[in-house]
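Biologist: I am new to this structure. Please show it to me, and then tell me what the terms rest on.

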Amino acid sequence: MNKIIALDQLKTTKFNLSSYIKLVFLFILFALAITSCKSKKVLVPKSGFEKPSPKIVKKYSELMDVSKKAIRNGKLYGFIDDWQGTKYQYGGLSKRGVDCSGLVYLAFKDVYEKEIPRITSQQVEAIKRKYEGQLKEGDLVFFDYEGKKFSHVGIYLQNGFYFHASTSKGVMVAKLKDPYTYKYFSRGGTVK
């Protein structure tokens with residue numbers, strides 16, 4: 001009789017040990033899944049970074065006073081370089097002319113493979129707001145010109161620079177804290 005009880009206890013112990021091991025294993029898998037899903041919300045192209053050409057690296061590292069290593073997103077800086085100098089045209093979406101929200105719309109579509117609204121007033125609704133010091137490459141920056149809220153938009157680059165379609169100079173890279181434009185700066189943030 002003692003042998004039967006001992007055998008039953010042994011089976012129960014094996015079952016409990018086996019269940020315990022499975023439970024620990026599932027817990028570890030769950031913990032790994034949770035920690036691997038954390039996101040830093042860095043906006044990168046779906047296919048990853050495209051290496052920029054040495055010419056692009058040199059041009060934009062000098063323009064923005066950053067190290068050459070900081071110019072990593074070849075797709076973004078290639079897009080800027082390709083569109084630079086395109087004249088401003090209200091409602092435009094081509095190299096013959098483009099407006100600020102159209103440029104941002106096209107950049108997100110081409111560089112980040114992401115659809116965002118076409119109109120500035122809708123683009124501002126598509127961001128998670130950030131403080132100016134938190135802005136990262138690919139964030140949107142908005143300005144209030146002529147007393148109109150969010151009437152202009154650009155894409156933040158780095159080191160205080162952004163690119164946009166200027167009504168007077170066309171597509172260009174500019175300093176966010178430029179004395180003329182900075183007084184109109186109103187909001188920045190990451191596209192949700």
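Modeller: Start with the core. A nonpolar core is a set of buried Ala, Val, Leu, Ile, Met, Phe, Trp, Tyr and Cys residues joined through side-chain atoms within 4.5 Å. Buried means under 20% relative accessible area, with exposed over 50% and partly exposed in between (1.4 Å probe, protein chains only). This is a predicted model: local features need pLDDT of at least 70, side-chain atom pairs count only at pLDDT 80 or more, and totals for chains, interfaces and linings use all residues. Residues are numbered from 1 along each chain as its sequence is written, and side-chain values use heavy atoms, without hydrogens and water.

Biologist: Which residues touch the most other members of the largest nonpolar core?

Modeller: Y77, L140 and F163 do, in a core of 36 residues. Helix α4 (100–110) supplies the largest share, 7 residues. Among the other elements that give at least two residues each are α2, α3 and β6 (161–166). Helices (H or I, at least four residues) and strands (E, at least two) are DSSP runs, numbered from the N terminus.

Biologist: What is F163 in contact with, beyond its neighbours within four places in sequence?

Modeller: Contact means heavy atoms within 4.5 Å. The partners of F163 include L76, F79, I80, L103, A107 and M172. M172 also belongs to a second, separate core of 10 residues, along with F143, Y145 and Y162.

Biologist: What makes α4 mostly covered?

Modeller: Of its 11 residues, 9 are buried. They are C100, S101, G102, L103, V104, Y105, L106, A107 and F108. In the protein, buried residues make up 40% of the 192 residues.

Biologist: Why are α2 and α3 called roughly perpendicular?

Modeller: Axes are lines fitted to C-alpha atoms, for helices over the stretch in contact, and angles run from 0 to 180 degrees between N-to-C directions. The axes of α2 (residues 54–64) and α3 (residues 74–83) come within 10 Å and cross at roughly 85°. Under 35 degrees counts as roughly parallel, over 145 as roughly antiparallel, 65 to 115 as roughly perpendicular, and the rest as oblique. The two helices are therefore roughly perpendicular to each other.

Biologist: Which residues make that contact?

Modeller: From α2 come I56, K59, Y60 and M64, and from α3 come Y77, G78, I80 and D81.

Biologist: How many helices and strands does the protein have?

Modeller: The protein has 6 helices and 8 strands. Along the sequence they follow the pattern α-α-α-β-β-α-α-β-β-β-β-β-α-β.
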